[in-house]
Amino acid sequence: MNPQERAIGAYLGLAVGDALGATVEFMTPREIKARHGLHREIIGGGWLNLPRGRVTDDTGMALALGEAVLERDGVESETVARAFDRWMRSRPVDIGNTVRRGIVRFRSTGEAQVPPDEFDGGNGACMRLLPVALWGYGRDPDLLCAAVVTQAHVTHNSPLSDAGSCCVAEMIRMALEGASLLDLLHGPVARLTTTFPAFKFRPRRRENPSGFIVDTLQVVFQSLFDTESLEACLVEAVNRGGDADTTGAIAGMVAGALYGPAALPERWLAALDEATKAQCIDQARRLMALQS
């Protein structure tokens, strides 16, 4: 499997994880079980009452960020902020409070980086970073992390958000190169949990995870390392409830790069919104073409 195929798998994994999780976002595992049994189909609905196959802000912001990366062949704060501003003006179906606050600040001040804030430790910077990870394929890991932090600080400026986001980006970069699940566990995840013990994910915890980056990544790591397929990983992640569209999206982008597009169930791809699917495939190809 070549890196471009893995990149397409990552983008489609992001979108299907987002669409799958959106149905059960903000529900508890007990509520999910009572209403859906084991939730494993893309059916729409949820608190946003989405049509079947539609995605949320996770995929929408990633695609907006991707256009900014393609415009500059890199990550530049003002270009990213303008792309997010255009996305917000398109009236997306959902937008996080920290993201909204950062974009409104850019509109009013012209400043494309928010100041440090310990309460900016949400998952909004991590959920959208996939295009930066693809841009970082074949580049120095420190350069990739710096680019991830640059896009993050447009809306989120927290050490935990930065560290978690850099870890996920490195996991994707390594997966594009053909790294194994154990390589990811003993490499970037081990470094993250050693430097920031809050991210430790054993023993299993974090049912009904919040939008806090630590909660989110504990669920992503548990879902990824306790399963042996992309489908099982995403089903495990979203059935934990809480911020399920984002845990599904982040787990999906990593698992998609790891397992490749052939691992995505055909029924999920058939259910995914066709325009979104086409955008994801196109952007993955264009981002990977920057390396040639």
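Residues are numbered from 1 along each chain as its sequence is written. In this predicted model, local features need pLDDT of at least 70 and side-chain atom pairs count only at pLDDT 80 or more, while totals for chains, interfaces and linings use all residues; side-chain values use heavy atoms, with hydrogens and water left out.

**Aspartate 85**

Aspartate 85 lies in helix 4, residues 77–89 (helices are DSSP runs of H or I with at least four residues, numbered from the N terminus). With a relative accessible area of 12%, aspartate 85 is buried (buried means under 20% relative accessible area, exposed over 50%, partly exposed in between, with a 1.4 Å probe and protein chains only). Leaving aside residues up to four places away in sequence, aspartate 85 touches Ile103 and Arg107 (contact means heavy atoms within 4.5 Å).

**Aromatic pairs**

The whole structure holds five aromatic pairs (rings of Phe, Tyr and Trp, the last by its six-membered ring, pair if their centres lie within 6.5 Å; planes under 30 degrees apart count as stacked, over 60 as edge-to-face and the rest as tilted). Two of the pairs are tabulated below.

| Pair | Centre distance | Plane angle | Class |
|---|---|---|---|
| Phenylalanine 26 and tryptophan 47 | 5.3 Å | 50 degrees | tilted |
| Phenylalanine 196 and phenylalanine 199 | 6.5 Å | 90 degrees | edge-to-face |

Phenylalanine 26, in the loop between helix 1 (3–22) and helix 2 (29–36), and tryptophan 47, in the loop between helix 2 and helix 3 (57–72), are 21 residues apart, and their pair links distant parts of the chain. Phenylalanine 26 is exposed at 53% relative accessible area, whereas tryptophan 47 is partly exposed at 46%.

Phenylalanine 196 is partly exposed, at 26%, and phenylalanine 199 is buried, at 0%. Phe201, Phe221 and Phe225 form one aromatic cluster.

Note on methods: Helix = DSSP H or I, 4+ residues; strand = E, 2+ residues; numbered from the N terminus.
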